[in-house]
Amino acid sequence: MVRLTFYGGVNEIGGNKILLEDGDRRLLLDFGFPYKRHKLFYEEYLKPRPGAGLLDPLAMGLLPLVEGIYRDDVEAADLWPRFREAPQYRKLDGVDGVLLSHAHLDHSGHISFLRHDIPVYSTGVTAFVAKAIQDSGRADFDQQVCYFSPRERRCPTGLRQEALISRRAPKQQRRFCIGDIGPGTLGAAAAEFWEQGFWSKGPKQEEEIKSQPVAGVDGCAFGLRCLPVDHSIPGACAWCIETGAGWLVYSGDLRLHGKRAGLSRKFMEEAAGLRPRALILEGTNVQREANVSELEVYRHGLKAVRSADGLVVADFAARDVDRLLTFLQIARETGRRLAVLPRDAYLLKTMRLLEPDTPDIAREEGLAIYQDTTASKNPSLWLRNLCQEYDSKLVLARDVDSAQGEFILAFSFFDLNELPSIRPRPGSLYVYSSSEPHDEEQEIDFRRLHNWLEHFGFRSFGLPVESADGWQVPEGEAGLHASGHACGPDLLELAREIGPELLIPVHSEHPEYYLDSLGGRRTEVLLPTAGGTIEV
Ligand SMILES: [Zn+2]
């Protein structure tokens with residue numbers, strides 16, 4: 001009997017955490033950060049306490065009450081006894097691995113809390129992108145996917161309340177097993193990247209635990225197939241797992257209308273060939289009838305940028321490398337340069353280690369790196385290395401200020417505080433190439449964004465405007481965002497082609513869509529419940 005327990009991703013978009021048990025073999029399918037539930041309790045200035053370790057996320061229902069899978073250095077005193085009577089409490093003797101579908105934090109973030117000896121299975125690009133995201137971001141203690149500083153329980157100097165405090169050294173790195181790369185194919189540059197920035201300052205310590213990614217999935221207790229798919233971040237994959245009940249297929253997030261749609265179609269064929277017992281399928285956009293393609297984004301974006309003489313700002317999702325390349329193409333064709341932030345340049349550089357087709361920043365005339373203002377006396381190693389390596393590609397605020405018509409700035413809302421340094425001239429253009437606001441917090445940010453644009457005299461293109469019917473893109477300005485997720489008809493095509501006996505929708509606010517559309521046919525649809533188990 002194979003059991004699937006759904007600890008996240010039920011009636012919500014993101015936060016996937018699925019436990020698969022087959023006898024005494026166990027896997028987690030993603031272990032994501034549950035943004036929706038997190039926002040019920042927390043905001044920027046009210047966050048889970050790092051010094052309390054696992055207590056806050058367990059007590060607030062952000063992590064499953066499963067003893068035996070988490071790091072012991074984040075266990076507060078008397079942690080588990082207080083949960084042992086809870087109905088969902090379980091004790092497991094570890095798990096055999098996490099199958100990570102892609103590096104978006106709503107699928108990967110809570111890996112941070114798992115025991116460091118639990119291997120993470122992913123594609124090579126996902127492992128490397130996850131590390132680039134952690135290196136170049138400010139990962140909180142609950143989003144440290146690739147490495148972390150172990151904590152110890154003690155009283156801070158001069159205080160009475162004991163807490164879990166980061167030890168200075170050594171850091172610990174997680175073990176990644178790469179599903180789509182054969183043994184021995186990870187080059188020296190890639191190996192060096194994996195170690196870079198990980199070593200703590202000062203002399204190396206004996207017990208410092210580092211571990212290079214292992215090529216292949218042969219070490220897993222289950223037979224696995226890692227099948228790359230197309231999504232709005234590079235490296236996404238679906239997983240096929242051979243169990244006692246037959247093959248189980250987990251789609252992760254995917255689409256059939258992006259630049260790499262061929263990958264998703266190939267996945268569909270291969271998964272169908274396995275005649276799977278069950279398919280766990282995402283359903284983010286089940287209510288959409290059609291998709292905007294990346295090619296349409298390119299055409300609309302080109303038209304918008306051609307209409308501008310002054311500065312252009314392009315706002316698109318972080319890590320959406322396909323969109324970045326779309327705007328790079330638009331920049332080339334309009335005689336501009338796309339100026340990206342260092343973190344985006346770092347991501348491109350990282351991807352190129354595994355995918356040599358990725359543009360080489362050093363040689364790409366249409367690309368520049370915008371060095372933003374930082375007050376840090378000691379910038380991180382990745383940033384210093386990057387700025388040294390691409391010194392000739394760096395542009396500063398004054399360079400953009402003095403040649404505004406020569407640039408497209410790849411900025412998002414959170415980068416707008418560079419504008420006072422750049423002094424955009426009235427009539428500058430803000431091209432919005434991302435999704436509309438999904439919750440109140442984002443709506444507030446959207447109002448702020450409108451204020452910024454008004455303050456600097458921008459005109460916008462594709463930017464949703466608040467109306468009585470909610471937020472809507474002005475007429476004639478649609479088609480500037482291609483979603484990372486397949487629309488309803490495409491998802492049904494996927495389900496029908498793969499043809500599982502059982503379909504379990506996750507990552508959706510409308511999972512009943514599949515019941516209505518597929519119910520009564522060859523495939524049985526079962527809706528998971530939060531924390532509930534489905535026997536396969
Ligand atoms: Zn995703």
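Buried means under 20% relative accessible area, exposed means over 50%, and partly exposed lies in between. Keep those cut-offs at hand for this tour. The model on your screen is predicted.

**Stop 1: Asn11**

Select Asn11. It sits in the loop between strand 1 (2-8) and strand 2. Is Asn11 buried, partly exposed or exposed? Its relative accessibility is 46%, so Asn11 counts as partly exposed. Now check the backbone. Most residues other than glycine have a negative phi. Asn11 has a positive one, near 55 degrees.

**Stop 2: strands 2 and 3**

Move along to strand 2 (residues 17-22) and show strand 3 with it. Six bridges join the two strands, and they run antiparallel. Pick out Glu21, then look across to Arg26 in strand 3, which stands opposite. The two strands form a hairpin with two residues between them. Click on Gly23 in this hairpin: its phi is positive, near 65 degrees.

Stay with strand 3 (residues 25-31). How many of its seven residues are buried? Six are, and the strand is mostly covered.

Strand 3 has a further partner to show. Select strand 6 (residues 98-99). Two bridges join strand 3 to strand 6, and this pair runs parallel. Find Leu28, whose bridge partner in strand 6 is Val98.

**Stop 3: Lys39 and Asp439**

Show side chains now. Select Lys39 and Asp439. What joins their side chains? A salt bridge does, at 2.8 Å from N to O. The pair links distant parts of the chain, 400 residues apart. Lys39 is in helix 1. Asp439 is in the loop between strand 23 (429-432) and helix 13 (440-455). Lys39 has a relative accessible area of 32%, so it is partly exposed. Asp439 is partly exposed too, because its value is 24% and buried means under 20%.

**Stop 4: a negative patch**

Turn to the surface. Select Glu43, Glu44, Glu440 and Glu441. These four gather in a patch of negative charge. Zoom in on Glu44, in the loop between helix 1 (35-41) and helix 2 (55-59). Its relative accessible area is 57%, so Glu44 is exposed.

**Stop 5: Arg49 and Asp56**

Select Arg49 and Asp56. They form a salt bridge, with the closest N and O atoms 2.7 Å apart. Arg49 is partly exposed, with a relative accessible area of 47%.

**Stop 6**

Switch to a cartoon view.

Strand 16 (residues 246-250) and strand 17 (residues 278-282) run parallel, joined by three bridges. Select Tyr250 and find Ile280 opposite, in strand 17.

**Stop 6: a salt-bridge network**

Bring the side chains back. Select Asp230, Arg255, Arg260, Asp322 and Glu355. Salt bridges link these residues in a network. Then select Arg352 and Asp360, which also meet in a salt bridge, 3.8 Å from N to O. Arg352 is partly exposed because its relative accessibility is 32%. How many salt bridges does the structure hold? The count is 33.

**Stop 7: Arg319**

Select Arg319, in the loop between strand 18 (312-315) and helix 8 (321-333). Look at its backbone: phi is positive, about 65 degrees, although Arg319 is not a glycine. With 22% relative accessibility, Arg319 counts as partly exposed.

**Stop 8: Arg384**

End at helix 10 (residues 381-389), where Arg384 lies. Arg384 counts as partly exposed because its relative accessibility is 43%.

Definitions and conventions:
Residues numbered from 1 in each chain as written. Predicted model: local features only at pLDDT ≥ 70, side-chain atom pairs only at ≥ 80, totals over all residues. Heavy atoms only, no water. Patch = residues over 30% accessible without salt bridge, like charges linked within 9 Å, V, L, I, M, F, W, Y side chains within 5 Å. Areas by Shrake-Rupley, 256 points an atom, 1.4 Å probe, with all protein chains shown as cover. Lys, Arg positive; Asp, Glu negative; His and termini not counted. Charge placed at Lys NZ, Arg CZ, Asp CG, Glu CD. Helix = DSSP H or I, 4+ residues; strand = E, 2+ residues; numbered from the N terminus. Buried < 20%, exposed > 50% of the residue type's maximum accessible area, 1.4 Å probe, protein only. Pairing = 2+ DSSP bridges.
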